[in-house]
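Student: I am new to this structure and would like a close look at its surface, above all at the pockets and what surrounds them. Please take me through that part in one connected answer.

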Amino acid sequence: PFDIPLPLEIFYRLQFMEHKGKTIIEMTGKPVNASPEEAAGFLSINLGMEQGFGSTFNKLFSYLEKQNA
């Protein structure tokens, strides 16, 4: 779906933490075995990836709220 070089492997780390009785999810990602061009491509789509993952986590939040209602 992208017309830029992207790494074949990306390492994502999800960290779950509690803050004031709520679960906070922190997600980080970095390219693995990427060429300089692939790493640059990965960085260039960072904002879009944040929006996409954010939307997914918002849907999860809404689903979990309905389950606890």
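**Surface, patch and pockets**

Tutor: L8 lies in the segment before strand 1. The model is predicted. L8 counts as exposed because its relative accessibility is 86%, and exposed means over 50%. Along the chain, L8 and V32 are 24 residues apart, and 7.8 Å separates their C-alpha atoms.

From there, turn to the nonpolar patch. On the surface, L14, F16, I25, L60, Y63 and L64 form a nonpolar patch. Together these residues have about 570 Å² of accessible area. Two elements, strand 1 (9–19) and helix 2 (46–67), each supply at least two residues of the patch. Helix 2 gives the largest share, 3 residues. Y63, a member of the patch, has its place in helix 2. Is Y63 buried, partly exposed or exposed? Its relative accessible area is 47%, so Y63 is partly exposed: the class runs between the cut-offs of 20% and 50%.

Next comes the largest pocket. About 400 Å³ of space lies in it. Its lining consists of F16, K22, T23, I25, M27, G54, F57, N58, L60, F61 and L64. Some of these names have already come up: F16, I25, L60 and L64 belong to the nonpolar patch and also line the largest pocket. Strand 2 (22–32) and helix 2 each supply at least two residues of this lining. The largest share, 6 residues, is from helix 2. By class, the lining divides into 7 nonpolar, 3 polar and 1 charged residues.

The second largest pocket has a volume of about 230 Å³. Which residues line the second largest pocket? They are Y12, M27, T28, G29, F42, L43, N46, M49, E50, F53 and F57. Strand 2, helix 1 (36–44) and helix 2 are the elements that give two or more residues to this lining. Helix 2 provides the largest share here, with 5 residues. The lining has 7 nonpolar, 3 polar and 1 charged residues.

Note on methods: Residues are numbered from 1 along each chain as its sequence is written. This is a predicted model: local features need pLDDT of at least 70, side-chain atom pairs count only at pLDDT 80 or more; totals for chains, interfaces and linings use all residues. Side-chain values use heavy atoms; hydrogens and water are left out. Patches are made of residues with over 30% relative accessible area and no salt bridge: like charges are joined within 9 Å, nonpolar side chains (Val, Leu, Ile, Met, Phe, Trp, Tyr) within 5 Å. Accessible areas come from the Shrake-Rupley method with a 1.4 Å probe; for residues, only the protein chains shown count as cover. A salt bridge is a side-chain nitrogen of Lys or Arg within 4 Å of a carboxyl oxygen of Asp or Glu. Helices (H or I, at least four residues) and strands (E, at least two) are DSSP runs, numbered from the N terminus. Buried means under 20% relative accessible area, exposed over 50%, partly exposed in between (1.4 Å probe, protein chains only). On a 1 Å grid over the protein atoms alone, a cavity is a set of points where a 1.4 Å probe fits but cannot get out, and a pocket is an open set with protein on both sides within 12 Å along at least five of seven lines; lining residues have an atom within 4 Å of a point. Grid points are joined across faces, edges and corners, and a volume is the space filled by probe spheres set on the points. Ala, Val, Leu, Ile, Met, Phe, Trp, Tyr, Cys and Pro count as nonpolar, Asp, Glu, Lys and Arg as charged, and the others, Gly among them, as polar.
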